[in-house]
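Here are my notes on this model, for reading beside the coordinates. Please check each point against your own view.

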Amino acid sequence: MQKEIGGFEIFKLNKQIQNAVAEKGFKQPTPIQQKAIPQILAGQEVIGIAQTGTGKTAAYLLPLIKMLSHAQGIQPRALIIVPTRELAAQVAVSFRDFAKYTDLRFGVAIGATGAKKQIEEIEKGIDVIIATPGRLLDLYSGGYLVLKKVEYFILDEAERLMDISFINQLYSLLEVLPRKRKHYLFSATMSELVKKIAGDFIEFPQIIHIE
């Protein structure tokens, strides 16, 4: 008989996060969460491959919230790169819900909308920025965003970031981020291009592939 997987308490997340998870109605972690969360909390860099809708966002947000712990300074310590503004909005809602009982702050930087409000959020101080690559680089090059405190760099839906314009922007980002940082890459597929990009900025990742 297969042993039943425990609930989210098996990850030893702080009470604030566990309460937020319970309020979202999450009872059992999905396979990608079962495997990725302990590895990230143990300090490993992770490449997580699992189909869309399997809980990849929570697989990196929950340990990230625990590692960041509390608000600190005004410059972001975590950078989450996504391919579309729609996904940025989804990740922002999930972060807000999971971090609701902490004092962690986040900002969103996406194109096709005015930058003024985004700049105001950044200037107030944020711990996490969720962004599309082009707008992030625009804010950085304009002097509105400082990235020298980034400790955690996450690529979500990485396979959708693999067209040539995104790739060039990603390499531009890697040049301005601190050398000492942790990387996490999540994707629905592990294409040859995803492998190459991952190999360029993650030296010894734990690869988690959920069929």
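Predicted model: local features only at pLDDT ≥ 70, side-chain atom pairs only at ≥ 80, totals over all residues.

1. Helix pair. How are helix 3 and helix 4 set against each other? Helix 3 spans residues 56-68 and helix 4 spans residues 85-98. They pack at an angle of about 45°, and their axes lie 10 Å apart. Angles under 35 degrees count as roughly parallel, and 65 to 115 as roughly perpendicular. Helix 3 and helix 4 are therefore oblique to each other. The crossing of helix 3 over helix 4 is right-handed.

2. Contact residues. Helix 3 brings Thr57, Ala58, Tyr60, Leu61, Leu62 and Ile65 to the contact. Helix 4 answers with Val91, Ser94, Phe95 and Phe98. By class, 8 of these residues are nonpolar and 2 are polar. No charged residues take part in this contact.

3. Salt bridges overall. Side chains of opposite charge can pair when their charged atoms come close. The structure holds 8 salt bridges. Three of them are taken up below.

4. Lysine 24 and aspartate 97. Their side chains meet in a salt bridge, at 3.1 Å from N to O. Where do the partners sit? Lysine 24 is in the loop between helix 1 (15-23) and helix 2 (31-41), and aspartate 97 is in helix 4, so the pair ties together parts that are 73 residues apart in sequence. Lysine 24 has 32% relative accessibility and counts as partly exposed. Aspartate 97 has 18%. Buried means under 20%, so aspartate 97 falls in that class.

5. Glutamate 86 and arginine 85. These two form a salt bridge, with their closest N and O atoms 3.8 Å apart. The cut-off is 4 Å, so the pair qualifies. Glutamate 86 is partly exposed, with a relative accessible area of 47%. Arginine 85 is also partly exposed, at 41% relative accessibility.

6. Lysine 195 and glutamate 192. Here the side chains meet in a salt bridge at 3.3 Å, N to O. Lysine 195 is partly exposed, with a relative accessible area of 39%. Glutamate 192 is exposed, with a relative accessible area of 59%.

Conventions:
Residues numbered from 1 in each chain as written. Heavy atoms only, no water. Axes fitted to C-alpha atoms, helices over the stretch in contact; angles between N-to-C directions. Helix = DSSP H or I, 4+ residues; strand = E, 2+ residues; numbered from the N terminus. Parallel < 35°, antiparallel > 145°, perpendicular 65-115°, else oblique. Left-handed = near helix turned anticlockwise from the far one by under 90°. Contact = heavy atoms within 4.5 Å. Nonpolar A, V, L, I, M, F, W, Y, C, P; charged D, E, K, R; others polar. Buried < 20%, exposed > 50% of the residue type's maximum accessible area, 1.4 Å probe, protein only.
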